[in-house]
Structures are given as C-alpha cells and as structure tokens.
Amino acid sequence: MSGKYSFDEILAKFRAEGSIVIVGASLAGLRAAEALRDKGFEGSLTIIGDEAHEPYDRPPLSKQVLKGWVPADHTKLPRLRRVDADWKLGVAAVALDRINHLVKLGNGEAVEYDRLLIATGTRARPWPNPAEAALQGVFTVRTVEDAAGLSAALRAGPRRVLIIGSGFVGSEIASVCRDLDLAVTVTERGSGPLKGALGGVVSEIAAGMMRDAGVDLRTGVSVASLHGDETGHVRSATLSDGTVLEADVVIPSLGSVRNVEWLEGSGLAAGPWGVGCDAGCRAFDINGVVTDHIFVAGDVARAPHVLYGYEYLALEHWDNAVSGAEVAANNMLHLEVGRRAHLPLPSFWSGQFGVNIKSVGVCSFGDEIVFTQGSPKDRRFAAAYGKNGRIVGAVTFNHGKWLPYYAELIEKSAPFPPPPPGYDRPVDTSAYSGVMPARFPDPREPSGNPDVVLTGHDPTDRNAEYRPRSH
Amino acid sequence: MDAATAWAEAMKFANRPNPYPFYEELRKTPVAKVSEKTFVVTGYPEALALAHDPRISSDMSRSPSGLFGEQQAQADATRLDPVEAAQARDWSMLVSDPPEHDTMRRQFMRHFGPPHTPDLIPSMEAMVVDLANSLLDKVAERASESGSNRMDVVEDFSYPIPVSVIFRVMGAPIADEPRFHGWVMDFMQGADVGPEARTAEGQAAAAKAAASMAELGIWVHDLVERLDREPGPGLLSAALHDDGPDGPVSKPVAEANALLLMIAGHDSTVNTISNCIMTLLRNPGSWDLVRDNPELIPRTVEEVQRLQGSVQFFPSRWATADIEIGGTRIPAGSAVFLVWGAANRDPRKFPDPDRFDPMREDNEHLGFGSGIHTCFGGPLARLEINAALEVFLRRVKAPRLVVDPPPYRHNQVFRGPRHLWVDFAEITG
C-alpha cells in the first residue's frame, strides 16, 4: 500500500465495530440491512421505522389485498437472511444532527451513527382539507392500515366509490372496485389516466379500458369538497363543474409526498423531490457537495442518471428500492475503488382491468411514441418512446415477454424508432401506425403525480415543484 | 477447426454423449455461419438477445431449415410455398409467430396454469410420487426374483412417469401408450440435423421416422375427432370446447398442438430425470449431499438442466431482417439455431461453466428457453422431476453407473440417454 495514511485500516475497523443506522424500515431499509450483513458488516445495526410493523410489501395493498385474496397483514416481506439489528419500530426519526452524528427520535432518544442510510420513502399525499380528510370513508392507500380499512369499507357495500386521481394506484383501485361489482367514479384533473407516466396516446387506451369495465371516468374535473353526514361519514362530493356526486367511500389518489421534513436544518440537499445523491447513493449537502457518511436509497432518493442526460431521477419503483439498497450497502462498506454505481434501468408493473402493464426506461423522458408490436385495439401491444432519435422507454400491455428486448435497446441508446419486427406489426388503424407525438402533459399542467420524476440538474433545487400545494 | 466443422462434429452421433468441446470451439464465434443458410448461436448474451428479438421468426414453414436440418429441407420437394403454407396453417404454437402463437398459447394455457387453472399442476404431485414408488417397488420385486440388482433408469423409472402424466393431462387413452412410445422412439432415432442424415442408414432411419410421425399424426387426428364429438376430461377436450375470450380451438390447431404437447410434454422430462440421476452419480459426493439435503433438489434439477439441457436447440428460428450481433451479420432469410446447451456453458455468464455445482447461485440457465416460446410445460416438468428425484434419492441405496457414458438416442435436438443402467445395493421401502 502506498500513501501515508491508511484509510483501509479505518474502514476495516468500521466494518468490524462501527455503527450503521438505517432510517426507514420498509423494502429499501430491510434489503440494505441484509446486504450489509451479506457483505460482512459486523458492527451494530439500528433500523428505525415510524410504522409499528415489520417490513412489508406494498404493491399488493392496492390489488390482491383490496380484492380480498390476501389479508392486509399478510404481506410481510420475506427475510433473505438474519440481520441482527436493533429494530426501533413505531418511532419516527425527527431530526438529523450531522455534526454529532445523531439521529433524533420522536420519543426523545438519540441514536449515534458512523454511517447513515436514509430510506424514509414517501407517504400518500393527503386530501388537502384536513376536516374532510378525517371523515369516515375517506382513504388514502399507502400503509397496511389504509388497505385494511379500505378493504373492509369496500366489503360493506358502498353505494358508490369515488377515486380522485387516475395514476396507477387510483386506476388499480378502480379496477378492483369493478371486480367487486361496485359502482365507481374516477375524477381526473388532466385529460386521462396514466398520462403522466405514459403520455396521452396510451392514456386514451387506458381510459377505454376503464370505461369498458364500467368505470364512470370524468376527466378535466377535480373535486372541490367532500361532505359528511351527521355521524361524520362521507356521503357526497362536489366536483369542480358543480356536480354533486353521492359516494360512501372516497379515495384521494394524488400521488405521494417524500418524507424529508425530518431532514430540515440538516444541511442536506433535501426537498420536495427527495434527497439528492450521487449515482453511488451518497447524499449531497445543500451546496451540492457529496457527503462521506450519509447514503440514500428507495423512493426518497434522487440521483443523476447517465441514460437520461444526467438529469436527476426520483424513482418510486419497487426494484429501484431493492437495487438502490444493495448499492448503498456496498458503498457504505467500501472506499473509492470498491464503490459501485446505481444506474438502474427503471421498470415497473401494474395490473388493472385484466391487463398486465409493464414498462422499462423512462417513457416520460421521450416525446414520441411508436406502436411496434401487437394490437392497441385489443390492448395487447408493445410501444417504444423516443427522444432526439433514440429510444428512452417502452411499455407493454399484455406483452411483457417482449420487454427485455426493449430494455436492451434502451440500455444501448439504440436508434428510435427501433427496427420493425418480422411479424405482428400493429395494423388495426392508422391511429396507431408510425411515429407520433406521445403527448405527455405540459409540466405546468395540473395532473397526477407520476412516480418517475425528472427533477432537473441541480441536486439542491427546491423550486422544481410545479404542482400547487393545495388541490 | 472452422465453425462448420465444429458444428458437424457436435451433431455427429459419436459425439452425442459430449458435444460440449465442439460447442466451446464454436463459441469462439458466438454467432457463427455453419452452412449456406444456417447460423448457430452458442454465446449466452447473444442467444438471450435473439430469443427476445422480434425480427427472429419461429414460423418454421418459412425457414430454410427444419426438423431434419437445412439439407433435408432443401432436398424436400414437398416444401410448401408461402401461399400454400398460409392455407395449410396447421402449425403448433412452437413454430408460429404472434399473433397466432399468442392466441394458441392463451387458448391452451387457460386449461393448464394460473390464473384460470391454478390447481392442475400441483394436483399431479401425488400421482408422480405414487408412480415413482410403484415403479421402484417393481424394480425391487424383479431384483429379488432374478437376483440381479440392475435397472435401466430410462425404461424402469424416467419414462413411465412423464408419459402417464401427459396422457392424464391431455385426456388421451393410456391404453394407446405403447404404440405412442414406438412412434416417438422412431422419431428420436431418425430425425437428424447432422452430417449422418445423408448416409444410407440415416436416410432409412429418417424414412422410418417420417412414417411413424405420419401414424402418430393419424392417431392424434382420431383423438381430436373423438374429443370433438364426445367431450371428456383433460386439456385437449377443454380447449376444443372452450367458451373463453379466444373461443374454442379449431380441430387443425388442436391436432398440431396436441402433437407438440404430447411429445414435448413427456420426452424432455424423461431425459431430465435420467440426466439428474446420471449427473449425481458422475460427481462423487454429490449424491450423498443432495440425498442428505433434499432442499438442494430444486437447485440440482436446474443445474442439470443447465449442463445437460434436454432440448439442446430447436431448429425453427430464422431471421426476417439483417441482424448484426456478436460481431456477425446474419442476413435476412437465414436459419438461426439458438443452441441453449452451448449458451448454458458460456463462461461469460457461468463461472467455471463445465462444473456441476448444485449450490450454484443465480443460475439463469436457458434450459427451458426464453422469450415468448419459453417452455409451456416447464412448471409441470419441474414438479415431476423434483418429486421423482426425491423418491429415487430416498429409496435407491448405493447406486452406481454401469456404463458411462450411456448409449444415447440418435436425435441431436431432444438429447438424452437411450438406456441408463444402474446397479444398486438395495431399494428400501
């Protein structure tokens, strides 16, 4: 070894007897803890979670749980190995003191760390009027309690369910409601469902799925107020067009809010878009300088991505939490040469109205779309998204087995449109042939909150949010 | 050795027990031209990419190759021109492209797996365990009568289990099984994509295979006709009388896919059971390891599929456009063989690829293919192999291979031992 100081020795000591604190006891937090032990960390490990539950899986909460296939408390995440951690569950981190290396908790305790992982994720954006939000029958869906409560409410046979917002969660819940044969209205301020993630062309196909399933989809409409009966149960809503709609269950599905408030005053690059970090999961301070001991993973992280013009990406995707946690764990235990980059090709899935939707890349980074395979009319197809003549994303409806092909093209920044397939090209109508504008919403246009957010170039940018705070 | 020579060697019957050194030679050019219009793909990333590339067609009626290889296909004066091919589209899903492929796969999968038929595959486990036990009982009985503690694993154990299961699943009369077995064996001996197809012996075997396939075709035709008239239990009848979103299958579609599922639905499973037993016995210590740790059986089965895939490749694919891959340009109209058996030993994907390691991590082998044509019956096959192997490991004491390598069937594609003689100390109850 050359050099006068041996940082390797310090690192070896840290790996043997240091302390790591993980704030956030969900998917990213658990997988990071497992990865730390896998990679030989033998020091003390503390996991702090504001929910009282052991880590559980959230995707089923808007699908199988609501449908009644799985009880809400049966989605605990499988444990891949023992983690020998000190679990502090049901207590929130409320502040970070970087000078003294302390995480302060809601119960007054303070936990010391040598290295810290921020994995506090997001929460459901609440209905903006607190009194209306507190009415019985009003549910957001993020936690196991949310899903248990909503599941019971759906089983009680409401006259009508009102879903406010038609992003993925809102659309999935609408699908479950129709499976349960419940009358359901979906209001969408923008022009259609899933538009933020997949653009207007695909949004129209998704709207057709909804309407064919019997959903009362109303676009260009928002909800002005909710009204309860004398027992405090929601019974109706007034829409922005003046319509009064009777509904016994109301589900504001307005996207998510990143859990960063506890980092106020910490001097980190934390804001409404998440905590800025480098591609190695190391947090930036407010000046955009990388920190040494603080790492970020999961929904709350935003990092520059080489495939997308080095713009900061915030990815609220399941696999991003898993792979980000593994990279963060690796980099907590290594110096420069052993560090890895977290450059995931984003991917997600959804199930709704009998259609399996899968996507790779960042479709909303593109501005053009071409249907490449299958039949949009039959809701079985693959489509690619392009920008400046290269492919940046793809989506499949009931065509998921083709996705690896597009993933490889995206990873290679292959030309757009991709070469035509040898068979099964979309022929049904001219509406779906050739390259066309993808019609993503103008960023200034009010619409649902997409779960991939391109958040600009500046890690400390707190001014990127266009969405008004009140709905 | 040039690629054409290495491929010819890999296809020769004499090298059936171990084509792998020739695959390794071929892999120096992961996508290699081996004859006028045939390219073979032996690299893992290249095979994986092409399996998912929509410019690669599986419509074998338009490929320059076929089940009997490129030479045979060219010599075959009865080849259909595209117009005739379109009219006579009684091709199974394996050799069709979307959207026809997708429709067929949905129509059959509805009656085979989840979400519509979640219980069929799990319900076969008890049948497999009972069969495996009764087959070993028979071997034990024969041993005590004859005094010879020798069994042919293929005939006595591996074959009867999957064939009984597939007859049950499909709803075919088990009494016809001996005739069926004969026809399939003639095919396995006669279908040859290698250099020996041109010999007089090869031509004779091919003729016999073709004749037996014709008889098998008539048998399937009659079965479909009967089930069309008289609905019965099983997948085939269900597909013929379906009221699902894609409607019932036509009789020609039923015939083509029944033939596919009857053959592919048992033969590869037979070979994998035999290959598992052979591989464990070849590797000192691994038999005891897996017998004492039955939780390793699923990994063992996957590792054997990686090393001894029972479908080495399938000669259906061809390029609909010029494709650049792995440093090679495949011109449009070329046959493209994705050689799973070679890709599964690519050191770029699998460290120490020729080593049998029942503990191997991240074993993303291509033994069941990849992409839209991924093995339809894979979940059933995995269940059968796991359950059968578990019984065999538990009951057969101190087994050892009598002849290694064992004699192989002729066919290169559906590769497996013809016999696998094993001596044992005892078969316990």
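This report covers confidence, chain contact, helix packing and local backbone features of a predicted model.

## Confidence

The model scores ipTM 0.88 and pTM 0.90. Chain A has a mean pLDDT of 93, with 94% of its residues at 70 or more. For chain B the mean pLDDT is 93, and 94% of its residues reach 70 or more.

## Contact between the chains

Chain B contributes 13 residues to the contact and chain A contributes 11 residues. On the side of chain B that touches chain A, six residues are nonpolar, four are polar and three are charged.

## Helix 13 and helix 15 of chain B

Two packed helices are described by the angle between their axes and the distance between the axes. Helix 13 (residues 251-282) and helix 15 (residues 297-307) of chain B have axes that come within 9 Å and cross at roughly 100°. Helix 13 of chain B is therefore roughly perpendicular to helix 15 of chain B.

From helix 13 of chain B, the contact is made by Thr272(B), Asn275(B), Cys276(B) and Thr279(B). The partners on helix 15 of chain B are Thr300(B), Val301(B), Val304(B), Gln305(B) and Leu307(B). By class, this contact of helix 13 with helix 15 of chain B has four nonpolar and five polar residues, and no charged residues.

## Helix 9 of chain A

Helix 9 of chain A spans residues 403-411, and its residues Leu403(A), Tyr405(A), Tyr406(A), Leu409(A) and Ile410(A) are buried. These residues cover an arc of only 155° around the axis, so they are on the same side of helix 9 of chain A. Their cover includes strand 24 (355-361), strand 26 (380-387) and strand 27 (390-397) of chain A.

Ser413(A) follows helix 9 of chain A and has a positive phi, near 50°. The loop between helix 9 and strand 28 (436-437) of chain A contains Ser433(A). Ser433(A) has 14 other C-beta atoms within 10 Å and is therefore partly exposed. From Ser433(A) to Gly196(A), the C-alpha to C-alpha distance is 22 Å, at 237 residues apart in sequence.

## Cis peptide bonds in chain B

The peptide bond joining Pro98(B) and Pro99(B) is cis, with omega about 5°. Pro99(B) is in the loop between helix 5 (82-87) and helix 6 (100-109) of chain B.

Another cis peptide bond runs from Pro114(B) to Pro115(B), with omega near 5°. The loop between helix 6 and helix 7 (120-146) of chain B holds Pro115(B).

## Positive phi and exposed residues

Asp84(A), a residue other than glycine, has a positive phi near 45°. It lies in the loop between helix 3 (64-67) and strand 3 (86-89) of chain A. Asp84(A) is exposed because it has 11 other C-beta atoms within 10 Å. Ala398(B) is not a glycine either, and its phi is positive at about 50°. The loop between strand 9 (396-397) and strand 10 (400-401) of chain B contains Ala398(B). Ala398(B) has 10 C-beta neighbours inside 10 Å, so it counts as exposed.

Ala204(B) is in helix 11 (residues 200-229) of chain B. With 11 C-beta neighbours inside 10 Å, Ala204(B) counts as exposed. Ala204(B) and Glu125(B) are 79 residues apart in sequence, and their C-alpha atoms are 41 Å apart in space.

Technical notes: Residues are numbered from 1 along each chain as its sequence is written. Chains are lettered from A and ligands numbered from 1 in the order in which they are written. This is a predicted model: local features need pLDDT of at least 70, side-chain atom pairs count only at pLDDT 80 or more; totals for chains, interfaces and linings use all residues. Axes are lines fitted to C-alpha atoms, for helices over the stretch in contact, and angles run from 0 to 180 degrees between N-to-C directions. Helices (H or I, at least four residues) and strands (E, at least two) are DSSP runs, numbered from the N terminus. Angles under 35 degrees count as roughly parallel, over 145 as roughly antiparallel, 65 to 115 as roughly perpendicular and the rest as oblique. Two residues are in contact if their C-beta atoms, placed from the backbone, lie within 7 Å. Ala, Val, Leu, Ile, Met, Phe, Trp, Tyr, Cys and Pro count as nonpolar, Asp, Glu, Lys and Arg as charged, and the others, Gly among them, as polar. A residue is buried if 20 or more other C-beta atoms lie within 10 Å of its own, exposed if 12 or fewer, and partly exposed in between; C-beta atoms are placed from the backbone. The arc is that of the directions from the helix axis to the C-beta atoms. pLDDT is the predictor's confidence in each residue, from 0 to 100.
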